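Thanks for asking me to look this one over.

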Amino acid sequence: MRQLHSLSGDYAGRCSVIRGRGRLTALALRFGGFPPAADDIPVRIRINRSGNVWHWVRDFKGHSTRSQLTFDHDADCVCERLGVLTLWLTPEINAGRLFIHIRRLSILGVRCPDILLPRSSTVEWQGETGHFCFDVSADMPGLGPLIRYRGWLAPVRAQTCPD
């Protein structure tokens with residue numbers, strides 16, 4: 001798990017994607033460039049670091065989801081940009097697992113009211129086989145489930161990142 005979050009590299013594995021239902025949910029997922037629903041598909045992630053900016057490209061069987069991660073010192077959170085969405089995330093390590101909480105969201109630079117803030121049940125861990133395992137999900141008040149994707153990854157190529 002530490003390797004994936006500290007090194008540039010390529011990772012490959014498998015995952016399943018479940019999308020919520022409804023037009024507003026589909027629109028919200030389109031804003032973030034999230035993948036279509038699929039069961040047990042190949043997934044690849046390329047992570048590149050340029051200074052204090054991390055670029056993640058996730059390939060879900062041909063569907064590309066790109067994001068850019070930085071650290072927002074003012075908010076004391078990780079800031080992830082996905083399409084026109086910006087999420088402020090707080091990591092928490094508990095019992096050897098990494099939990100990720102959504103603290104803030106903006107769409108096209110407009111802050112989402114806290115009452116409408118998606119709830120995340122995202123967790124990452126190292127599985128018994130040594131694979132990096134993930135279970136990423138988000139629900140939105142009034143809309144219900146937005147997306148859930150879960151699976152595993154293994155390094156294809158990793159390299160040390162300069163600080």
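This is a predicted model: local features need pLDDT of at least 70, side-chain atom pairs count only at pLDDT 80 or more; totals for chains, interfaces and linings use all residues.

1. The protein chain has two helices and 12 strands.

2. On overall dimensions, a box of roughly 40 × 40 × 30 Å along the principal axes holds the C-alpha atoms of the protein chain. Of its 163 residues, 40% are buried. Taking contacts between residues at least 6 apart in sequence, 46% link residues at least 24 apart.

3. What does the surface look like? The accessible surface of the protein chain is about 9500 Å², and carbon and sulfur atoms account for 53% of that. As for charge, there are 21 positive and 15 negative side chains, with the centres of the two sets 6 Å apart.

4. Strand β3 (residues 53-60) runs antiparallel to strand β4 (residues 63-72), and seven bridges connect the pair. Tryptophan 56 faces serine 67 in β4. Two residues separate the strands of this β3 and β4 hairpin, and lysine 61 has a positive phi near 50°.

5. Strand β4 also pairs with strand β5 (residues 77-82), again in the antiparallel sense, over five bridges. Here aspartate 72 is opposite cysteine 77 in β5. This hairpin of β4 and β5 has four residues between its strands, and aspartate 76 in the turn shows a positive phi of about 55°.

6. Which strand holds aspartate 40? Aspartate 40 belongs to strand β2 (residues 38-50). Its phi is near 50°, which is a positive value in a residue other than glycine. Aspartate 40 has 44% relative accessibility, so it counts as partly exposed.

7. Is leucine 108 buried or exposed? Its relative accessibility is 64%, and because exposed means over 50%, leucine 108 counts as exposed. Leucine 108 lies in the loop between β7 (97-107) and β8 (110-111). Its phi, near 55°, is also positive in a residue other than glycine.

Technical notes
Residues are numbered from 1 along each chain as its sequence is written. Side-chain values use heavy atoms; hydrogens and water are left out. Buried means under 20% relative accessible area, exposed over 50%, partly exposed in between (1.4 Å probe, protein chains only). Contact means heavy atoms within 4.5 Å. Accessible areas come from the Shrake-Rupley method with a 1.4 Å probe; for residues, only the protein chains shown count as cover. Lys and Arg count as positive and Asp and Glu as negative; His and the chain ends are not counted. The place of a charge is taken as NZ of Lys, CZ of Arg, CG of Asp or CD of Glu. Two strands pair if DSSP finds at least two bridges between them.
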